[in-house]
Amino acid sequence: MAEAKFDGPVLELEDIHKSYATGSEVETEVLHGINLRLQRGEFAALIGPSGSGKSTLLNLIGLLDRPSSGRLLIDGQETGSLDDGALTRLRGRSIGFVFQHHHLIPAFTALENVMMPLLVERGRPDDEMRQRAAKLLDQVGLTAQANHQANQMSGGQQQRVAIARALTMQPSLVLADEPTGNLDTKSADSVFALMREVNVSQQTTFLIVTHDPRLAARCDRIIELVDGTIVSDHVAEVRKQEMPQQHPD
Amino acid sequence: MYPWLPFEWIAATRFLREGRMQSLLIIVGVGVGVSVIVFMSALLSGLQSNLVRRTLSSQAHVVILPPEEVARPQRDSTLGPILQKQAQRLRSIDQWQKLRGRLAEMPEIAAVSPIASGPAFAVRGNANKSVTLIGIEPDNYNRIIALDEKMVAGRLRLNAGETVIGIELAKDLGASVGDKLRINSSNGTTDTLTITGLFDLGNKGVNARNVYVGLRSAQTLLDLVGGVSSIDLGLRDMYAADAIALRIARETGLQADSWIKTNAQFFTALTSQKISSNVIRFFIGLSVAFGIASVLVVSVVQRSKEIGILRAMGATRGQMLRTFLIQGGIVGLLGSVLGSSLAWVFLALWRALALNPDGTPMFMITVEPELFAISAAGATLVGIFSALIPARRAASLDPVVAIRG
Ligand SMILES: Nc1ncnc2c1ncn2[C@@H]1O[C@H](COP(=O)(O)OP(=O)(O)OP(=O)(O)O)[C@@H](O)[C@H]1O
Ligand SMILES: [Mg+2]
């Protein structure tokens with residue numbers, strides 16, 4: 001928000017390949033040369049049939065896994081040369097995650113879960129992170145649930161906590177893998193609306209994997225992956241005018 | 001969340017608290033193991049110190065004697081027959097005054113007590129008992145045997161013409177404090193002494209045999225004027241007796257017997273007891289370690305999703321490693337606290353129930369606080385050590401796999 005951030009593309013992928021060793025010798029390539037750029041403030045959907053490589057791509061972008069080849073830049077920083085510790089730090093600072101199955105840490109309260117990314121970075125709890133977490137919970141409308149454990153909240157509420165947690169580090173990029181996949185339509189709508197709100201108010205970039213065409217249609221950009229290749233990359237008309245520099249590959 | 005606690009500690013305690021039943025069971029498991037170790041150690045060390053105390057109640061740590069004849073070089077063949085004849089007689093330690101001065105200067109030696117002792121007969125009325133006449137300097141002797149504390153009647157006073165005898169001998173002779181006692185030495189010298197006190201050294205044989213007199217009286221009675229038949233030493237570290245005895249023997253050419261050699265059988269028993277208790281301790285420790293490890297391995301598997309999420313949020317491998325090592329340490333520490341409390345209860349019960357027929361305790365068990373401290377430290381270390389495998393597993397977990405699974 002207030003911090004001066006790199007103002008080039010938040011994410012740049014150049015010719016990303018990913019293969020998995022299956023069996024002894026044979027390698028299966030899952031991603032075949034992905035080129036992709038996300039600018040600050042973009043709100044993009046990643047769609048495609050099951051098994052097309054969406055989660056694989058998201059894990060690579062989230063620095064949870066390394067590509068077999070190709071260049072991956074986060075905030076302009078080349079990541080291929082970083083060691084495990086540096087990747088962990090960059091991941092903690094620049095990327096927020098929202099997963100399908102909420103994945104709150106059940107031993108902690110909602111507030112503590114939201115504090116967690118700062119806690120692991122700083123090592124010890126402090127008042128500032130508590131306040132920031134409280135503010136984020138307020139933003140997602142869960143102040144009353146601050147001291148609830150995960151099992152005391154509904155799926156939609158848990159996913160809202162997860163979104164608040166993804167925003168704790170004020171990341172450049174939030175990656176969401178089917179964030180509404182487990183929710184009923186109403187909760188899905190409100191979770192989606194929340195992400196959109198954060199995107200608009202804080203210029204946070206979102207990349208959202210979804211199977212729901214209705215939700216995908218409400219994104220500014222729809223990237224379609226089929227069999228490990230981007231087959232279409234469609235920018236909504238309104239946004240195209242706003243961002244003339246966008247040239248999808 | 002306490003502000004001063006690092007993330008790893010917060011996560012470790014939360015995980016343990018969340019895994020309630022699992023944590024509780026393993027802590028109880030560790031506790032039972034620790035309680036057995038503590039109880040056994042206290043019992044054994046009580047038994048041991050009790051036996052040692054009994055053994056040493058009438059023995060010096062090191063006794064210096066004139067050289068054994070057979071040990072002397074036989075090169076001078078003319079001396080041979082003479083020495084053999086002399087063996088019948090009591091022999092004195094050459095220049096013992098000088099030796100005493102040197103011994104007193106050795107830092108390892110706490111007390112030096114010259115002794116003139118030999119066989120004699122105690123006669124009172126018709127009763128005639130074979131005894132060992134022991135001439136001592138009471139102050140020095142007390143530092144080794146604490147005879148003054150063992151007096152059950154009268155006082156330890158050994159001026160000329162005075163003696164203290166054991167309660168058994170007193171019974172055998174029908175004598176008590178203030179009575180006269182005649183001592184006939186084997187070479188025909190006789191003296192009549194007044195009994196000033198009765199002692200109980202905790203050993204029937206000793207109580208029936210030992211007759212204490214002043215050093216000078218003994219020297220006269222035993223025909224050892226100016227000489228001593230042995231020198232008793234009290235050491236600062238009684239378990240160093242062997243080494244010190246060896247050194248003295250080498251330096252002086254005299255015979256020096258350590259109480260450890262003298263009681264070799266007793267020590268063999270003690271050592272084998274120690275070994276077997278160490279074996280038991282080791283295996284209890286091992287099973288405790290396996291218990292902790294298996295519970296934590298399960299916990300890592302159960303929490304793999306959470307670990308994956310934490311790693312995705314920027315938690316390092318090191319943080320995950322430490323989180324689980326700390327859990328192991330906490331389980332060990334809490335288990336040892338529980339175990340020590342249990343052991344304390346067992347010991348109290350034992351004290352109340354293990355009694356002699358007359359109601360006195362079989363032997364004293366004093367539990368040193370170090371035993372609890374050591375077991376706490378040991379159990380904590382075992383806990384951390386057994387957490388190594390699960391913790392490394394947690395640290396090396398691939399977040400992608402964990403989150404997907
Ligand atoms: N660790 C792995 N080892 C081998 N193959 C893998 C591995 N992970 C993913 N794959 C394969 O890569 C392909 C893409 O999987 P991915 O999970 O990215 O698909 P997806 O688009 O997210 O599917 P879905 O919509 O069902 O979540 C699949 O064929 C899958 O079997
Ligand atoms: Mg997927």
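In the predicted model, the side chain of Lys54(A) places an N or O atom 2.7 Å from an oxygen atom of ligand 1. An N or O atom in the side chain of Ser55(A) is likewise found 2.7 Å from an oxygen atom of the ligand, while Gly51(A) approaches through its backbone, with an N or O atom 2.9 Å from a ligand oxygen. The protein covers 65% of the 630 Å² of accessible area that ligand 1 has on its own.

The shell around ligand 1 comprises 13 residues, of which Ser50(A), Gly51(A), Lys54(A), Ser55(A) and Thr56(A) come nearest. Helix α1 of chain A, spanning residues 54–61, supplies the largest share of this shell, with 3 residues. Ligand 1 itself lies between chains A and B.

The two chains also meet each other directly: 25 residues of chain A are in contact with 28 residues of chain B. The size of an interface is often given as the accessible area lost when the parts come together. For chains A and B, the buried area is about 2500 Å², with 66% of it on carbon and sulfur atoms.

Between chain A and chain B, 3 salt bridges are counted. One of the salt bridges joins the side chains of Asp84(A) and Arg311(B), with an N to O distance of 3.8 Å. On the side of chain A that touches chain B, the elements giving two or more residues are α2 (84–94) and α3 (110–122). Helix α3(A) gives the most, with 6 residues. The residues on this side of chain A divide into 13 nonpolar, 5 polar and 7 charged.

Methods: Residues are numbered from 1 along each chain as its sequence is written. Chains are lettered from A and ligands numbered from 1 in the order in which they are written. This is a predicted model: local features need pLDDT of at least 70, side-chain atom pairs count only at pLDDT 80 or more; totals for chains, interfaces and linings use all residues. Side-chain values use heavy atoms; hydrogens and water are left out. Contact means heavy atoms within 4.5 Å. Buried area is the accessible area (1.4 Å probe) that two parts lose on being put together, summed over both. A salt bridge is a side-chain nitrogen of Lys or Arg within 4 Å of a carboxyl oxygen of Asp or Glu. Helices (H or I, at least four residues) and strands (E, at least two) are DSSP runs, numbered from the N terminus. Ala, Val, Leu, Ile, Met, Phe, Trp, Tyr, Cys and Pro count as nonpolar, Asp, Glu, Lys and Arg as charged, and the others, Gly among them, as polar. A residue is near a molecule or strand if one of its heavy atoms lies within 4 Å of it. A polar contact is a pair of N or O atoms within 3.5 Å; within protein, one must be able to donate a hydrogen and the other to accept it, and residues adjacent in sequence count only if both atoms are side-chain atoms. Accessible areas come from the Shrake-Rupley method with a 1.4 Å probe; for residues, only the protein chains shown count as cover.
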